[in-house]
Amino acid sequence: QAQLVESGGGLVQAGGSLRLSCTASGSISWINVMAWYRQVPGKQRELVAGITSGSTNYADSVKGRFTISRDNAKNTVSLQMNSLKPEDTAVYYCYAEVRRPFTTTSLAYWGQGTQVTVSS
């Protein structure tokens with residue numbers, strides 16, 4: 001089993017910045033993919049940004065404003081969010097595909113979510 005714990009959400013004015021962090025712990029051999037999703041009430045959860053060992057991808061709505069990074073040694077992923085807009089308001093979830101020791105398959109895990117609120 002693995003656990004994901006997020007931190008860094010909060011309230012910020014439009015144009016401001018926040019940094020989200022997520023740490024994975026537990027039985028982990030390797031993490032293939034780490035990502036951030038977000039969800040607002042009544043809508044589907046959407047991918048914000050993802051990162052593998054060699055590439056990143058971003059939702060069009062956040063390109064140029066958000067930056068995802070990871071520290072493999074610490075099993076952490078971070079999301080630097082700049083130039084925040086009210087439409088970025090959502091609950092942000094950390095996601096990881098974790099390979100456990102002595103296995104070849106990966107399991108998906110989610111964090112508990114952290115609220116980001118951007119006021120206009």
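Q: Asn75: buried, exposed or partly exposed?
A: Partly exposed, at 21% relative accessibility. Keep in mind that this is a predicted model.

Q: Close to a cut-off, then. Why does 21% not count as buried?
A: Because buried means under 20% relative accessible area. Asn75 comes out at 21%.

Q: Where is Asn75 found?
A: In the loop between E7 and E8.

Q: And what is the phi of Asn75?
A: Near 55°. That is a positive value, and Asn75 is not a glycine.

Q: What about Lys74, where does that one sit?
A: Lys74 is in the loop between E7 and E8.

Q: Is Lys74 buried or exposed?
A: Exposed, with 58% relative accessibility.

Q: How far apart are Lys74 and Val48?
A: 22 Å in space, C-alpha to C-alpha. In sequence they are 26 residues apart.

Q: Back to E7 and E8. How do they pair?
A: In the antiparallel sense, over 6 bridges. Strand E8 covers residues 76-81.

Q: Which residue in E8 is the bridge partner of Asp71?
A: Thr76.

Q: What is the strand order in the open sheet?
A: E1-E3-E8-E7, which makes 4 strands with antiparallel pairing.

Q: Which strands stand at the edges?
A: Strand E1 (2-7) and strand E7 (66-71). Each has a single partner strand, so one side of each has no neighbour in the sheet.

Q: How much twist?
A: It averages 15° from one strand to the next.

Q: New topic. How many disulfides?
A: The count is 1 disulfide. It joins Cys22 to Cys94, with S to S at 2.1 Å.

Q: Which hand does the link have?
A: Left-handed, with -85° about the S-S bond.

Q: What does the pair tie together?
A: Parts that are 72 residues apart in sequence, because Cys22 lies in strand E3 (residues 18-26) and Cys94 in strand E9 (residues 90-99).

Q: Is Cys22 buried or exposed?
A: Buried, with a relative accessible area of 0%. Cys94 also counts as buried, at 0% relative accessibility.

Q: Last one, Phe102. What is its phi?
A: Positive, about 65°, although Phe102 is not a glycine.

Q: Where is Phe102 in the chain?
A: In the loop between E9 and strand E10 (106-110).

Q: Buried or exposed, for Phe102?
A: Phe102 is exposed, at 88% relative accessibility.

Conventions: Residues are numbered from 1 along each chain as its sequence is written. This is a predicted model: local features need pLDDT of at least 70, side-chain atom pairs count only at pLDDT 80 or more; totals for chains, interfaces and linings use all residues. Side-chain values use heavy atoms; hydrogens and water are left out. A disulfide is a pair of cysteine sulfur atoms within 2.5 Å. Helices (H or I, at least four residues) and strands (E, at least two) are DSSP runs, numbered from the N terminus. Buried means under 20% relative accessible area, exposed over 50%, partly exposed in between (1.4 Å probe, protein chains only). Two strands pair if DSSP finds at least two bridges between them. Axes are lines fitted to C-alpha atoms, for helices over the stretch in contact, and angles run from 0 to 180 degrees between N-to-C directions.
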